[in-house]
Structures are given as structure tokens and as C-alpha cells.
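This report describes a protein chain and the ligand modelled with it.

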Amino acid sequence: MTRWFAPGRINVIGEHTDYNDGFVLPMALAMGCTATIEDAGDGWTVVSAQAPEPVTVAPSGLEDRAEVPEWASYVLGALWLLRDDGVEVPALRIEVDSDVPSGAGLSSSAALVCSVVRALDDHLGLRLGDDGLLDLSRRVENDAVGAPTGGMDQLISLRGEAGHALFCDMRDLTSQPVPFDPSAAGLTLLVVDTRAPHRHADGEYAARRSGCEEAARRLGVRALRDVTDAEAAVARLDDEELQRYVRHVVTEDDRVLAAVRVLREGRLAELGPMLSESHASMRDDFRITVPEVDTAVEALMGAGAIGARMTGGGFGGCVIGLLPDDAVEASGDDVRRAFADAGYGEPALFTASAEAGARPV
Ligand code: ADP
Ligand code: MG
């Protein structure tokens, strides 16, 4: 029997920069998924504590992948891809159990995929190595499930380090841990899961992504990562929407680099204003926030946060706030009250610290 844990994540800063070959700064959470693998049965069986029914498929058969429920394809996808790569995979039973809320923007999907891929690598003695593990985990979400994610989620789930955020260059997929320990500075990272239903998130994500690609094409660069002067690039575009996209992505990349600098120099409090600028950029230029998210940010700032922003792809999901320790309790009350006053459902709040990435358990 082989058992691995892989965490969910929050992105400290750097939103929608990943598919523009840019920079991101995520951290791994204590929440995560545990995958347990054993040789059993005569097919591939996957069981989730969070799904109603186990799913069994025949490893050798040309089963119709479309007939498998979507959640199971996050697990079976790894087996299908390995088989396509020529790996002989025996009959297996894979059980998963996760405490990452699904669809909240905390990457329950990467926690699931990475725990399974890590456990498979170990159980089958594949020795995929750092790059191979990342590549397979990404392909499971992109190719087997068909979710167009940029790769950050898998990177942090596999490589996170306790007490550190991970500065990732999404062009060459290199990463460097950067000290991130708010508690040492008398600060708390508070997460507000707005529980707002994701509205048109898939279509909006695709529109942002293709808009960024179109802007890069018109600007004659490989990706928006290669734009160095946001205002000069904006002046060269005549499409108002593309102008806003470029301004967000280019300034967001700059904010990630600035955030890494202040964290490396031990000036964590200076991250606060960068978080708030990132939020304003997502709200006004990239236009991926929703009223619940903006309300949470405003309530946190009103309660004394030194910075707050939406984290994740947008159109719902979570907000993070950096708060003096003594302001945390009251800020939680303020967020709940603001949500009740606006007629929104009750949000979930929790504090977070940077934890380690995938590990055997
Ligand atoms: P997020 O990654 O932000 O939580 P996604 O839409 O990317 O949101 O992934 C959520 C999906 O991942 C779920 O709808 C489900 O298909 C799958 N999933 C995640 N965790 C589990 C789990 N423990 N059991 C079954 N499916 C899961
Ligand atoms: Mg996901």
C-alpha cells in the first residue's frame, strides 16, 4: 500500500499571469488530498470519500472515457496517460480523501491529481522526477479532464515548502522558495471563502486567455510576459478591452517581482499595498471579480487589513487579507456582517500559513 498527501494552495499574488508565461507566488495550504493505492481487483477502481460511488474501469479495454464521471477522470486520467506513454499499469484500487473545498479556488483539483500522481510514481516505481511529475499532473488536468489551467496549481502542490511561498517562472517552470511567515511579523493571513457561485467562469477564463494571446500577437511578442513597458504597449493597441488586459497582466507581473523582493528582504508588511493594488487591477482592468469578492476585500480593509485581494481565477472563490493579529477576530465579524447586510450567503473564514508540498504519509 502506498499513501501520499498533496496540498491545496492559495496564490499570494500573480493572477492570470501563468498562461502569459509570467510570474506567480503561490503557497501550499495545510488542507489537501490523501491518495492511497493498493494492488487489488482486476480493473482500475477509484473511490473518493467526497463522491457518491466508486468507479471501476478495465485497464486493457478501450473504455469510453466520456462515460466516466468527471471527478473520476482526475484520477483515471493519470492512468490513461501513463498507458498512452507505454507504461504497464496493473490492476489497482485508488482511494482519495480531501478536505479542500471543491470549486472554491483553493485547487482541490491539483491536490487530488498531485496526490494520485505522486502515489502512482511511488507505487509503480516510475521515477518520473521533478519535471516528469509536474508534466504528468498538468496533462491530467489539461488533456485528460480538459481543464485549461496554467500549471501553477500543480507546481505549488508538488513543490511547496513550509514557511515559504514559491516564486514560479511559468515560462520555464522553475521555482524558488521565498520566505513567507506572516506570524513572525505579527500578521495573520486570513482567507475568506465567499462561497459565491462561479458565474460563467469557464467562458470568461477562455475569453481572458484568448484576449491576452491576441494582444501579444498584435504587440509582436511571444507572450505578455515579454512586454516591459505597460503604458507604451497599451498606447499601441486600439482595442479598449485588450488595453485593460495588457495593463493588468504586465503590472501584475511587476507586482510579483516586487513582492518577491520585499519578502526576501524581510519587509513583509510592504506586501500589503501590493495585494490591494492587485485586487484593484483584477476588478477594474481584468474585470474578473464579483460583488461578493469586492465586498469581502472592502470589509477586510475597513477592519484594518494592510492589504487584501481576491485569489484564484476569479468570478467567485476566495479572498485573502493580511491583518495585524489583534484585528483578525473583529475583521471576521465585519466580513460576516457585510455579507449578511448585502444578502449574500454566509462566507467561510480560516487562517492560513505556508505549508509543505506533496509528501508520503
Ligand atoms: P478547484 O480546483 O478550485 O477546487 P476545480 O473545478 O478545478 O476547482 O476542481 C474541482 C473538481 O475536482 C470537482 O468538481 C471534482 O470533479 C474534482 N475533485 C476535487 N477533489 C475531489 C475529491 N476529493 N473527490 C472527487 N473529486 C474531486
Ligand atoms: Mg482546480
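## Loop residues with positive phi

Leu-173 counts as partly exposed, because it has 17 C-beta neighbours inside 10 Å, a figure that falls between the limit of 12 or fewer for exposed residues and that of 20 or more for buried ones. The model in which this count was made is a predicted one. Leu-173 is placed in the loop between strand S6 (164-169) and strand S7 (174-179). Its phi is near 60°, a positive value in a residue other than glycine.

Arg-127 likewise has a positive phi, of about 50°, although Arg-127 is not a glycine. Most residues other than glycine have a negative phi. The loop that holds Arg-127 lies between H2 and helix H3 (129-145). Arg-127 counts as exposed because 9 C-beta neighbours lie inside 10 Å of it.

Which residues come nearest to ligand 1? Of the 19 residues around the ligand, these are Ser-48, Trp-71, Ser-98, Ser-108 and Ser-109. The elements that contribute two or more residues to this shell are helix H1 (70-84), strand S5 (92-98) and helix H2 (108-123).

By residue class, the shell around ligand 1 divides into 9 nonpolar, 9 polar and 1 charged.

## Strands S1 and S2

Strand S2 (residues 23-38) is largely enclosed by the rest of the structure, because 12 of its 16 residues are buried. Strand S1 (residues 2-13) is mostly covered, with 10 of its 12 residues buried. The bridge partner of Trp-4 in S12 is Pro-360.

An open sheet of 4 strands has the order S9-S10-S8-S11, with antiparallel pairing. Its edge strands are strand S9 (307-311) and strand S11 (348-352), each of which pairs on one side only. From one strand to the next, the twist averages 25°. Strand S8 (residues 187-193) pairs with S11 in the antiparallel sense over 5 bridges, and Leu-190 stands opposite Thr-351 in S11.

Two helices may be described together with this sheet. Helix H8 (residues 271-286) packs on the sheet and touches S9 and strand S10 (318-324); the direction of H8 makes about 45° with that of S9. Helix H9 (residues 291-302) also packs on the sheet, where it touches S8, S9 and S10. The direction of H9 makes about 160° with that of S9.

Is Val-249 buried or exposed? Val-249 counts as buried, because 32 C-beta neighbours lie inside 10 Å of it, and the limit for a buried residue is 20 or more. Val-249 is found in helix H7 (residues 240-264).

Leaving aside neighbours within four places in sequence, Val-249 is in contact with His-16, Thr-17, Asn-20, Gly-22, Cys-212 and Leu-224. Cys-212 and Val-249 are 37 residues apart along the chain, and their C-alpha atoms are separated by 8.4 Å.

## Annotated domains

In an unreviewed entry, UniProt gives the annotation "domain: GHMP kinase N-terminal" for residues 74-160. This span is 60% helix and 8% strand, and the C-alpha atoms at the ends of residues 74-160 lie 21 Å apart.

For "domain: GHMP kinase C-terminal", the unreviewed UniProt entry lists residues 262-338. Over residues 262-338 the chain is 55% helix and 16% strand, with the end C-alpha atoms 32 Å apart.

Methods
Residues numbered from 1 in each chain as written. Chains lettered and ligands numbered in written order. Predicted model: local features only at pLDDT ≥ 70, side-chain atom pairs only at ≥ 80, totals over all residues. Near = placed C-beta within 6 Å. Nonpolar A, V, L, I, M, F, W, Y, C, P; charged D, E, K, R; others polar. Pairing = 2+ DSSP bridges. Axes fitted to C-alpha atoms, helices over the stretch in contact; angles between N-to-C directions. Contact = placed C-beta atoms within 7 Å. UniProt positions renumbered as here; feature names shortened; annotations may be inferred.
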